[in-house]
Amino acid sequence: MVAGRQVWLFPLFVALALAATAAEAGGLGMLVVLLQLLLAGPNEVQSGGAVVDFVRSVTITLVGNSVMAIAFATVSLIMAKSLMMAAYQILSAHVNASVNDRFRRLAFRRLMEAEYGKLVRRDSGSFQNLITGESMRATEALGVVSQLLVNICSLIVFFIMLLLISWQLVVVMVLGTFAAYVVSTLFGGKARQAGQVVTNTHALLATRLESVLSGLRMVRIFGAEEREIQRFNAYSEALRQGFMRVQLLKAATGPISDTFYLCVFVGIVGVSSQIHLPLASVITFVLIVARLQPHVKDTHWCRVQLSGLGSAVDSMAEFLREFPGRGASAKGKRFEGLSDHIRFHHVAFSYGVDQEPTLSGISFTIQKKKTTAIVGGSGAGKSTLINLLLRLYEPSSGCISADEQPIDEFDVASWRARFALAGQDAELLDGTILENVCYGRPSASLQDAEAAAERAGILEFIRGLPCTWDTRVGGRGVRLSGGQRQRLGIARAMLREPDLLILDEATNSLDSLTEAEVQGAIEAMAGKTTLVVIAHKLSTVMSADQVIVLRGGKIEEQGTPRQLLKRAGHFRRLYGATG
Ligand SMILES: Nc1ncnc2c1ncn2[C@@H]1O[C@H](COP(=O)(O)OP(=O)(O)OP(=O)(O)O)[C@@H](O)[C@H]1O
Ligand SMILES: [Mg+2]
C-alpha cells in the first residue's frame, strides 16, 4: 500500500506511547507519595494500600526520603512524558506529510495512466477533489489511526494500575465508559453519513466551478451569471449545512462524555467510602482516572473522526481500484514503425454498452507515405475513427492491424510515439507558447520550434508578441484566437516529426489565405509522411491518394477523389454543397 515504507514507524509510535504513559504513571505515583510525606509531617506514614506502598518503597529506594528529591523526580518524569509526546507528534507529522505526498503522486500517476474512455466518463471536478482534498483527508485518517493506537496503549497501562488499586472502582468506571462508548458509536455512524454528504457536495461544487471557469465566455455571452451564481450558492449552502452537521456532531461528543465522567467520579467516591479504601489509594485512583479522561476522550474523538474520514479513505480506495495504473496492464512489444500499411478489419465501436454503434463495418487500408482523406457530415464518426487509431478507445469488434499485426499487441506508448495530431480544438495547456509547441518533443531546440511555427504560418505572430515565445497562452489557450490556437496545434504536431500525421479539421478556423499557406506546408509533407486528413472543405482533400466517405458510422464510398467525383454518390453531394 501507499503507506508501505512508513509502516515500520508504527512500533516506534507504540514504544514511545508506552514509555510516555509509564513516565506519566510514575510521575502520578510519586505525586501521591509526596502528598503522603507532606501530610504525615514528622509522623510515621500510614499504609496507602498495596499499590501506593509499592510505589513508595520503589521511590524511596531510587530517590531517597527527601521531599525535594521526590518533587524533583516527579517533575522530571512528567517533563520526560511531555518530551516523548512531542517526539511522537513530530514523527507522526512526518509520516502524515510523506504518506500524503505519496498518495497525491500515486493518484496523479494513476490518472495519467488511466484508460481514456474511463476518464472521459467521470467529471474532471471529482478527480480534482480527489487529488487535492480527499487524498489529504485519507492521510489524516492514517494519523488518526496512529493516535488511536497511542491512546489505546496508554489506556491499557492505566487500566492495569487501576485494577491493582481496586477492582470494585474499576467496575464503576467501566460501566460509565461503556455507556459513553454506546452513545459515541451512535454519533460515529451519523458523522460518517454527514462526512459522505460533504464529500459528494464538494465534488459537485468543484465540477461546476471548473466547467463555469472553462466556459466563462459562454456564461457572459448568454447572460447566465445570475443563474450560475444561484446554482453555485445552492451548492455552497448545502456544503455549509453538511459541514455544520459534522461539526455539531463533533461538538456534541465533548459535553456528553463529560457528563458520563462526572457520574463516574460520583460513583467512585460513593463506592470507595463503602469499601473503606485508604485515602492515598482513592487519591491515586482519582488522579489516574483524571489522566485517563483525556485519553478516553481522545479515543472517542479518533473514532468519530475516523468515521468522518472513512468516506475519504473509501473514495481513495475505490479510485485506486478503478484505476489500477499501467503496471497491471503493461504489455506488448515495441512498435518500431510502419513498414507498409494500417488496416481496419470490420471495425465496429460504440461509446457505451447501451449506446447505438457509432461506427460499424469499417474496413479500409491506410498506405504508408500516402494521404488518406476521411470525409463525411458532422457526427458521421470521423473523429471517433481517429480515437480508435490512436488507441484512446478499443474497437467493440473487428480489429485494426499494422503490417498485419493487431495494434493492441504493441505497447501503447511506442505506438502513439509515431503519431501526431492537430485537431478541431487545439487543446493547449496553460504555459508559454514555446512549452506548448514543444509539448510533443520537449527536447526540440528553439530553431526547430521556429521552423515548425514558420510552416504552420504562426512564426510572424509569435515574434510580434511582447514576450515572443515566452508569452503565456492561459488555460486552454484562452488568450489566443481560434485560428492562432489551431496554427500552434499544427506547429506542435509538425515539430514532433511523426511517421503518421493526423489532421482533424486542423485548418477549419483559418482564413482562406492563411489556410492556403498552411495547406502548402502540409502538401509538402505528402509523400514523406503518412497523412490522415479530415476536412469539411472538400477542395482540401482533392490531392489525397484515397478518400473514405463516412455516413452514419459506415463507409459509404471509397476511392480516389477523381473516381468518387465521377460517381453521383455522397462524396459528390458533399462536394457540391461545400466545395
Ligand atoms: N465521448 C463520447 N461519448 C459518447 N458519444 C460520443 C463521444 N464522442 C462522440 N460521440 C458521439 O459519436 C458520434 C460521432 O462523433 P465524432 O466526433 O466521431 O463525429 P465527427 O464525424 O468527427 O463529427 P464532426 O465533423 O462534427 O467533428 C456523434 O454522434 C457523437 O455524439
Ligand atoms: Mg470530429
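Strand E4 (residues 397-402) and E5 run antiparallel and are joined by 2 bridges; strands here are DSSP runs of E with at least two residues, numbered from the N terminus, and two strands pair if DSSP finds at least two bridges between them. Within this pairing, Ser401 has Pro406 of E5 as its bridge partner. Please keep in mind that this is a predicted model, where local features need pLDDT of at least 70, side-chain atom pairs count only at pLDDT 80 or more, and totals for chains, interfaces and linings use all residues. Residues are numbered from 1 along each chain as its sequence is written, chains are lettered from A and ligands numbered from 1 in the order in which they are written, and side-chain values use heavy atoms, with hydrogens and water left out.

**The four-stranded sheet**

- E4 and E5 belong to an open, antiparallel sheet of 4 strands, ordered E2-E1-E4-E5.
- Strand E2 (359-367) and strand E5 (405-406) each have a single partner strand, so one side of each lacks a neighbour in the sheet.

**The six-stranded sheet**

- Another open sheet has 6 strands in the order E6-E7-E8-E3-E9-E10, with mixed pairing.
- Its edges are strand E6 (419-422) and strand E10 (554-559), each of which pairs on one side only.
- From one strand to the next, the twist averages 15°, with axes taken as lines fitted to C-alpha atoms (for helices over the stretch in contact) and angles running from 0 to 180 degrees between N-to-C directions.
- Strand E3 (residues 371-376) pairs with strand E9 (residues 546-551) in the parallel sense over 5 bridges, and Gly376 has Leu550 of E9 as its bridge partner.
- E9 and E10 run antiparallel, joined by 5 bridges, and Arg551 has Lys554 of E10 as its bridge partner.
- The hairpin of E9 and E10 has 2 residues between the strands, and Gly552 takes a positive phi near 55° there.

**Around ligand 1**

- Ser378, Lys382, Ser383, Thr384 and Gln424 come nearest among the 15 residues around ligand 1, where a residue is near if one of its heavy atoms lies within 4 Å.
- By class, this shell has 3 nonpolar, 10 polar and 2 charged residues; Gly counts as polar.
- A polar side-chain atom of Ser383 lies 2.8 Å from an oxygen atom of ligand 1.
- A polar backbone atom of Gly379 is also 2.8 Å from an oxygen atom of ligand 1.
- For Ala380, a backbone N or O atom lies 3.2 Å from an oxygen atom of ligand 1; a polar contact is a pair of N or O atoms within 3.5 Å.

Note on methods: Polar contact = N/O pair within 3.5 Å; in protein donor to acceptor, adjacent residues only side chain to side chain.
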